[in-house]
Amino acid sequence: MSIRNFAGAALLGVAAIGLSGCATGLPTKVTRYSTAIPQGQTFYVVPGPGVQQGLQFNAFADQVAQQMEAKGYRLAGAPDVADMLVQLSYNVDRGTKEYTVDPLARSAYNSPFYRGFYDPFYGGFYGRPYWSRYGYGRRSAFYWGWDDPFWYSSGFGPDPIRSYTVFKSNLDLDIVRRVDKYELFDGRAAARSQTDELGVLVPNLIEAMFTNFPGTNGETVKITVPAKKKA
């Protein structure tokens, strides 16, 4: 295998390990609890805890309403005349920095052929400093090992260590009988991604929530739906 093909394979390995944003869909864990919801009932979507009424909520509420109508329920003209209230909540956290080590990229980087081809400092310098002019603004001494700048970002090929930010998003959907607030459905959807844009995340979470709705009572399933454009 040529060094170019090997490096390409290493980069593919890193891509497989890392979390994607929503390019091919959002892998989601969905848990649902429900009782029998009579068909033909009317509903109205209202903000749940922590969510404010506004343009963003209205966009997501419309998507929930479309899903409910597709399941055989009818949209009411106002919350006070609906048979059921659909309470919608959603959020995304501030993100957490995570790291991954790709064994293929590490093998490619540590191979003598790779080092000899790409690294002008490789060969006979272990334990002695070399001088780097790459991206530091001045000549700086480094040793192979923990202080090796190429280990973290080589600039010449696949990097063994990749960092990325992971965001956790959640969506809660509760359906209650309006007259007495009796709970008919309680659903939660959670996902991890490399984007924190609610306009990208929430449509995916909504579709996952309504996949095979109302689901098996108490069962947690993994659902990935095609990516949605920003609402």
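A residue is called buried when its relative accessible area is under 20%, exposed when that area is over 50%, and partly exposed in between, as found with a 1.4 Å probe and protein chains only. The exercises below concern a predicted model, in which local features need pLDDT of at least 70 and side-chain atom pairs count only at pLDDT 80 or more, while totals for chains, interfaces and linings use all residues. Residues are numbered from 1 along each chain as its sequence is written, and side-chain values use heavy atoms, with hydrogens and water left out.

**Exercise 1. Thr-42**

Decide whether Thr-42 is buried or exposed, and find what surrounds this residue.

Solution. Begin with the place of the residue: Thr-42 is found in strand β2, where strands (E, at least two residues) and helices (H or I, at least four) are DSSP runs numbered from the N terminus. Next, take the relative accessibility of Thr-42, which is 11%, so the residue counts as buried. Then list the contacts, meaning heavy atoms within 4.5 Å: apart from neighbours within four places in sequence, Thr-42 is in contact with Arg-74, Ala-76, Val-81, Ala-82, Asp-83 and Met-84. Finally, look at the side chain of Thr-42, which has a polar atom 2.8 Å from the backbone nitrogen of Asp-83.

**Exercise 2. The whole chain**

State how many helices and strands the protein chain has, and what share of its residues is buried.

Solution. The count gives six helices and 10 strands. Of the 231 residues in the chain, 39% count as buried. The chain exposes about 13000 Å², of which carbon and sulfur atoms supply 53%; such areas come from the Shrake-Rupley method with a 1.4 Å probe, and for residues only the protein chains shown count as cover. Among contacts between residues at least 6 apart in sequence, 75% join residues at least 24 apart.

**Exercise 3. Helix α2 and the largest pocket**

Check the length of α2, and find which element gives the most to the lining of the largest pocket.

Solution. The expected span of a helix is 1.5 Å times one less than its number of residues. For the 16 residues of α2 this should be 22 Å, and the end C-alpha atoms are 23 Å apart, which agrees. The buried residues of α2 are Phe-57, Phe-60, Ala-61, Gln-63, Val-64, Ala-65 and Met-68, and their cover includes β2, β3, β4, β8 and α6. After α2 comes Gly-72, whose phi is positive, near 105 degrees.

Turn now to the pocket, which on a 1 Å grid over the protein atoms alone is an open set of points where a 1.4 Å probe fits, with protein on both sides within 12 Å along at least five of seven lines; its lining residues have an atom within 4 Å of a point. The largest pocket holds about 160 Å³ of space. Its lining consists of Tyr-44, Val-45, Gln-53, Phe-57, Asn-58, Ala-61, Asp-62, Ala-65 and Leu-75. The elements that give two or more residues to this lining are β2 and α2, and α2 gives the most, with five residues.

**Exercise 4. Thr-220**

Find how far apart Thr-220 and Lys-29 are in sequence and in space.

Solution. Thr-220 lies in strand β10. Thr-220 and Lys-29 are 191 residues apart in sequence, yet 6.6 Å apart in space, C-alpha to C-alpha. Not counting residues up to four places away in sequence, Thr-220 touches Lys-29, Val-30 and Thr-31. A polar contact (a pair of N or O atoms within 3.5 Å; within protein, one must be able to donate a hydrogen and the other to accept it, and residues adjacent in sequence count only if both atoms are side-chain atoms) joins the side chains of Thr-220 and Thr-31 at 2.6 Å.

How values were computed:
Grid points are joined across faces, edges and corners, and a volume is the space filled by probe spheres set on the points.
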